[in-house]
Amino acid sequence: MNGLSLWFDTLPQPVTPRPALDRDIEADVAIVGAGFTGLWTAYHLGRLDPTLRVVVVEREVAGFGASGRNGGWCSALFATGWPTLARRYGAGPTRALRAELAATVDAIGEFCRTEGIDYVKGGTLSVARTCAEAERLRAQSAEATRWGVDVRWLERDAALERIRASRVRGAAYTPDCATIQPAQLVRRLAEVAGATLYEKTPATAIRPGLVTTPRGRIRARTLIRATEAYTSELAGHRRDLAPLYSLIIATEPLPATVWSELGWHDRETFTDGRHLLIYAQRSADDRIVFGGRGAPYHFGSRIRPGFDYEVGVFNALHEALVDLFPVTREAAITHRWGGPIGVPRDWIPSVGLDRATGMGWAGGYVGDGVACSALAGRTLAELITGTDTTRTRLPWVGHRSPRWAPEPLRWLQINGGTSVMSSADRIEQHTAGTTRRARWLARFTGG
């Protein structure tokens with residue numbers, strides 16, 4: 001997996017795939033997908049009921065998808081806005097979900113400390129650099145406090161004491177986020193989950209009671225689909241989640257002289273108030289890892305290795321990095337990578353188990369999946385074992401998102417939304433308030 005991401009390239013040991021499934025087997029629980037969702041499900045199943053025979057199959061290697069390629073944020077973020085969720089499911093359940101996500105960030109921290117995995121809880125700084133961004137972030141911060149989010153507004157000088165970016169007007173800060181080394185976490189989780197894991201074993205068909213692979217079948221009373229963006233490649237699921245690409249660059253390790261200019265001493269995760277999302281962190285070896293959206297959605301929900309590399313997007317990310325942090329202008333970019341994230345039509349992630357068929361699922365995290373997937377895995381394990389907890393009654397349990405439109409409407413909707421985000425950002429560089437395009441975007445993205 002050399003070159004898959006910075007995270008895989010900096011693992012202490014090279015990745016050697018486990019043996020593939022080569023015969024028919026039986027299990028109590030079969031999980032398709034060895035990312036965070038599938039592996040946390042197996043991990044918690046092993047602790048709730050060690051007698052269960054749990055099998056995980058993975059098309060490539062554990063962490064091949066978003067779990068091993070993300071920006072290294074472990075946050076309490078949820079893809080859709082809390083007010084949107086509350087209108088559908090009520091204020092109390094919405095606050096309960098938010099509290100569980102915050103607790104999950106800390107639970108992942110405990111696991112990482114026990115297992116020797118890089119984890120620093122420095123919080124998130126969301127910087128405003130235009131009047132429109134300041135207006136929007138202030139309003140979002142005030143709204144977020146209603147739902148139990150620990151967020152505070154920092155005026156310009158206070159924000160610059162944390163990270164010295166250019167043209168800062170202020171920033172929202174929340175402590176409920178950590179930086180992680182995601183490939184290190186997912187690979188270690190694969191080792192300790194307690195399940196039998198078959199790598200290089202694609203699931204060619206999934207139906208109640210049966211997973212079919214090229215060289216063997218798995219019969220199990222419970223099947224869990226934990227395939228996130230790759231769900232669109234399964235028969236009958238092409239319109240369930242849209243695979244949208246997020247791309248990332250990483251600098252060389254930066255010297256102490258650069259960090260003395262930047263600050264960033266607490267390794268906060270970093271974003272700003274633009275619509276076309278950017279996200280960043282300071283890594284353990286003093287790189288800036290800088291990612292963002294802007295890559296096109298590909299007709300028919302196609303996923304291809306070549307789509308991980310969009311030169312134009314990588315160049316735009318580099319320009320944004322230097323614009324934010326001019327001191328990085330001469331820094332070499334050593335890594336460029338990307339991959340698809342799973343996006344439901346209503347931007348509401350979900351987790352559930354159909355007891356009649358034994359089929360379960362979780363996903364649709366829209367890029368905020370590190371903590372969401374851990375909470376989903378724990379919830380799935382409780383649903384499978386019949387363990388009644390506050391988590392099994394959270395509002396995303398059993399939620400069913402509407403399917404995306406058929407092509408070509410799906411292509412027009414998604415790429416049109418990306419174009420509107422980009423144009424709204426350009427307009428807001430020269431206006432004093434939020435544009436009508438921005439207000440439309442909030443409705444489109446579940447804000």
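Biologist: How many residues of helix H2 are buried?
Modeller: Helix H2 takes in residues 36–48, where a helix is a DSSP run of H or I with at least four residues, a strand is a DSSP run of E with at least two, and both are numbered from the N terminus. Buried means under 20% relative accessible area, exposed means over 50%, and partly exposed lies in between, for a 1.4 Å probe and protein chains only. Among the residues of H2 that count as buried are Phe36, Trp40, Tyr43 and His44. The helix is mostly covered, the number of buried residues among its 13 being 10.

Biologist: What kind of model is this?
Modeller: Residues are numbered from 1 along each chain as its sequence is written, and side-chain values use heavy atoms, with hydrogens and water left out. Local features need pLDDT of at least 70, side-chain atom pairs count only at pLDDT 80 or more, and totals for chains, interfaces and linings use all residues, the whole being a predicted model.

Biologist: How far apart are the end C-alpha atoms of helix H10?
Modeller: Helix H10 covers residues 369–385, and its 17 residues should span 24 Å at 1.5 Å a residue, where the expected span is 1.5 Å times one less than the number of residues. Of these 17 residues, 15 are buried, and Gly386, with a positive phi near 70°, follows the helix.

Biologist: Which residue of strand E16 is the bridge partner of Tyr279?
Modeller: Strand E15 (residues 278–282) and E16 run antiparallel and are joined by 5 bridges, two strands being counted as paired if DSSP finds at least two bridges between them. Their hairpin has 5 residues between the strands, and Asp286 in that hairpin takes a positive phi near 70°. Strand E13 (residues 242–251) also runs antiparallel to E16, through 4 bridges, with Ile249 partnered by Phe290. For Tyr279, the partner in E16 is Gly291.

Biologist: Why is strand E16 described as largely enclosed, and which of its residues point the opposite way from Ile288, Phe290 and Gly292?
Modeller: In a regular strand the side chains alternate between the two faces of the sheet. Strand E16 (residues 288–292) has 5 of its 5 residues buried, so it is largely enclosed by the rest of the structure. While Ile288, Phe290 and Gly292 point one way, the residues that point the other way, also buried, are Val289 and Gly291.

Biologist: Which residue of strand E12 is the bridge partner of Leu210?
Modeller: Strand E10 (residues 205–207) and strand E11 (residues 210–213) pair in the antiparallel sense over 3 bridges, and they form a hairpin with 2 residues between them, in whose turn Gly209 has a positive phi of about 85°. A second hairpin, again through 2 residues, joins E11 to E12. E11 and E12 (residues 216–225) pair antiparallel over 4 bridges, and in E12 the partner of Leu210 is Arg219.

Biologist: Which strands lie at the edges of the open sheet of 3 strands?
Modeller: This sheet has the order E3-E8-E4, with antiparallel pairing. E4 pairs with E8 (residues 177–180) over 2 bridges, Tyr119 being partnered by Ile180. The edge strands, each pairing on one side only, are E3 (73–75) and E4 (119–120).

Biologist: How many disulfides does the structure hold?
Modeller: A disulfide is a pair of cysteine sulfur atoms within 2.5 Å. The sulfur of Cys74, a buried residue at 0% relative accessibility, has its closest cysteine sulfur in Cys177, 6.9 Å away, which is too far for a bond. The number of disulfides is 0.

Biologist: Which helix supplies the largest share of the lining of the second largest pocket?
Modeller: A pocket, on a 1 Å grid over the protein atoms alone, is an open set of points where a 1.4 Å probe fits, with protein on both sides within 12 Å along at least five of seven lines, and lining residues have an atom within 4 Å of a point. This one holds about 520 Å³, the volume being the space filled by probe spheres set on the grid points, which are joined across faces, edges and corners. Among the residues closest to its centre are Arg274 and Asp425. Helices H9 (311–324) and H11 (409–428) each supply at least two lining residues, and the largest share, 6 residues, comes from H9.
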